[in-house]
Amino acid sequence: MAEEFNLDGMLDMYLFENRQLLEKLQDTVLEQRDADCFDDDAINEIFRTMHTIKGSSGIMMFDEITTVSHKLEDIFFYIRESHPDNIPHLKLVEHVLTVSDFINAEMDKLADGEQADGSSKEIVAELDRFLSSLKGKKDKDEVIKENVHVEPQQFYIAPMATSNSHFYRIYIMFAPEVEMVNVHAYKIVFGLKDIAEDLLHFPEDLISDEHSGEEIQENGFKILLQTQSGEEELHELIKEGYDIQKVEIAECTASQFQMGFDSFGAEIRIDLESNVEDIEKAAAQREMQENGIESGDFVIVPASEGKKEPEKKIEPGDFVIESKGPGKSKKLAKDKVKKAEKTSFISVDVRKMDQLMDLIGELVISESVVLQNEDLKVPGLKLDNFHKAAGQMVKIATDLQDVIMSMRMVPLTATFQKMNRIVFDCSRKLGKDIEFEMIGDTTEVDKNIIEHISDPLMHLVRNSVDHGIETAEERVAKGKTEKGRITLSAKTESGKVWISVQDNGGGLDREKIIAKARKHELLDPTRLDSSYPDKEVYQLITLPGFSTNDKVTELSGRGVGMDVVVSNIQAIGGVLDIDSTPGKGSIMTMKIPLTLAIIDGIVMQVGNNTFVIETGVVKEFINVKAESVVTKPNGEEFVMIRGEGYPIIRLGDWYHVENCETDITNGMIVMIEVDKECVCLFVDHLIGKQEIVVKPIPDYIKKVKGLSGCTQLGDGRIALILDAAGLLEE
Amino acid sequence: MEEQKEVKKQKYVTFMSGKECFGLKIEYVNEIIVLQEITVIPETEDYIKGLINLRGKIIPVIDVRLRFRQEPFEYNDRTCIIVINVNSTVVGLIVEKIAEVVEISEENLMPSPTIAKQVKSQQDRYVYAIGKVGDSVKLLLDPDKLLHDDMVILEQVSGESEADDTEE
């Protein structure tokens, strides 16, 4: 179906937008999953999102997605309109997530160039059941029926004019930013029908006509009403509020009423309460409307704060009304939402970003070539203006570089949110009650890294839920809180991103791991169990085929998890640390190099080489006197600072750099601290502090101890980045 | 049509190293640049001279002479870096002098003659064939071997090979 047209561009847009919508939706849902029910904003958001997806899927002719989103939209429409108080919240959350998963899965297929051929039948049936169970207990609200596509719905209200009846012409202008005006209009009609003897409105078809929203937005919404009620009461029902910009109610004669919307000419009645401004506004409005609608002569109602939502008490018998609820026609509204998103974000091919990055690097180099050009060094040259212009150029180039760097950095928030979802799913499946906490989710990491950590992180989180956290009974028996807790945290330390998954579950079972390892002959048979340090034992679980969980569950326990995690992490040059306290829980920390991340670094000179070290690990810079340096017989040196001795690493000797400073009094001591351990680096001199982009040392060169990457300095030279933690190892 | 010709004739970038002329298939060659400032990386093999900044891209450079375990040479203004891309590994080769780009047809290619096949010398393993151009002979290099092949060997016999270095 879809490929009959050239929809490629549209498809990309469709996928991109809907993915974003679903992501946001999921966040909202998970945020409120522990609440008793969704708040109004959330309900509206879900409703809108589903509506948008339904609309765009309809255009793209992905019928199954359309059906599913439509069903969910129905449910939320019902919830929004009827406020049933019996919503099984978790059930609802699950339904929303199921639908969003289904749509995501279908979109994945589409993205791979396949057909969106998944069947929505089951989900739809589930949703139907859910909706009817909701409704079952609230017969009163039956009027709001399912949101089915039917022929244009009509209000038919038997005219039963009595002598007491008044006829009104009501004109409503919605605020321009209001979305789904037709739904708002529908609500008003819904509210009015309680008191209406006869009611006509234009546009007639609010629900299934796609254009009614536009029409209302442009020309206002017009109602002809026959009622016993007075004007005051109408004002009560239709209040100006956040959505209604202006309401004008005018009484008219029965004959004018009969003439419908073409009739005009009743005398202007000015409401006494209205102030001058309002009248003026109304006048202006009328002028505006001149060529638009047949605007009648209306009374201006003073703007009043508060909700416009009319009470919805249905008194059967008052009127005959066939309402099918708002259907397709809310399209307009979300079209606007889309527009807003488009202006704030565009998706860019990462390759183009890389290209841009390279070009800027090139620019910086050629900049320095120009500015330090030999030709400029002719004596007696007047260069004042040149330097001024050059200064400006340097500034722009620096800004440019900053921008491109920041563009590549993405906060971990989205990835962490995904984990939130996983915790929720898994814990529900396993019947465990787990609290999920995120710390440092705004830590920014290069886009490429994010792509690589998602999978391993997912495994770790699943493991924590499945193996780590005990069941509620076990927890209570152990005297712990019934609720388990998983904490996901991220930080940058010594040039690496540390992402840890911590649980307060049972921790790893040392004995069990050793027993299993013995069984698989993974341990040296001559070594005693007790001779293995804890860390080494815990690392065993990362070996292929190792799973200590007795039962293979749906989620984990096949023993593929951990070794995949580790190989994935290693593939990007990271390591996995496992720590555990029996009975208290365990913590798994991924330490991943930042690769292209930006760090704040201290640039130092040693001989002809330039080194950079992350500012975060530097404790202080010291000039020391020769007498405070002590050399041990094995050649190791340490320096006494404030009564403490710190070992010295002479970078020049360490890396066999030529022409480096050897006199300790001429150079500079840089004290670094990693994991509470301090070491002094001896360098020739400091160059300065600057933001640097970490680039990996090309794979071709095998790993050098203590170096974590390299970077390009402003003048195009390359500096090597020291890995503080790596220097301290050994 | 063109394709048919290409099958028979291949273009090679040739360069001088010592007194011999070596050739690299042109498809591997990204570009040829003049010698740049090289950032030394400590603790690496001697033939890996370090890193250069190629328009924002950091690439390693190796000295071909040292790679062949020949005498090091002084870098001068004729010294060039041939940037090659072998299976997306980008490496710069420091060579004494670029010669020219030549076309060698297939019939002029022949396996490189060796004395004893089983004891292939270090240098020889990089040369997969020789090509005749007129009277001269170009030693055609296998870039993949040039970059990677003996990495393993080097590590295995790192002690010995270092000794070799000093002997040569």
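How many bridges pair β1(B) with strand β2 (residues 20-25) of chain B, and in which sense do they run? The two strands pair in the antiparallel sense, over six bridges; strands count as paired if DSSP finds at least two bridges between them. Helices (H or I, at least four residues) and strands (E, at least two) are themselves DSSP runs, numbered from the N terminus.

The model is predicted, so local features need pLDDT of at least 70 and side-chain atom pairs count only at pLDDT 80 or more, whereas totals for chains, interfaces and linings use all residues. Residues are numbered from 1 along each chain as its sequence is written, chains are lettered from A and ligands numbered from 1 in the order in which they are written, and side-chain values use heavy atoms, with hydrogens and water left out.

In chain B, six strands make up an open sheet of mixed pairing, ordered β8-β1-β2-β11-β10-β9. The edges belong to β8 (97-105) and β9 (109-110) of chain B; each has a single partner strand, so one side of each is left without a neighbour in the sheet. For β8(B), antiparallel pairing with strand β1 (residues 9-17) of chain B extends over seven bridges. B:Tyr12 can be followed to both sides: opposite it in β8(B) stands B:Val102, and its bridge partner in β2(B) is B:Lys25. The hairpin of β1(B) and β2(B) has two residues between the strands, and B:Gly18 takes a positive phi near 65 degrees there.

Just after α4(A), A:Gly113 has a positive phi of about 80 degrees. Helix α14 (residues 413-430) of chain A, with 18 residues, reaches 26 Å from its first C-alpha to its last, close to the 26 Å expected. Among the buried residues of α14(A) are A:Phe416, A:Ile422 and A:Phe424, where buried means under 20% relative accessible area, exposed over 50% and partly exposed in between (1.4 Å probe, protein chains only). Just after α14(A), A:Gly431 also takes a positive phi, of about 70 degrees.

A:Met407 lies in helix α13 (residues 384-408) of chain A and is partly exposed, with a relative accessible area of 41%.

How values were computed: Expected span 1.5 Å × (residues − 1).
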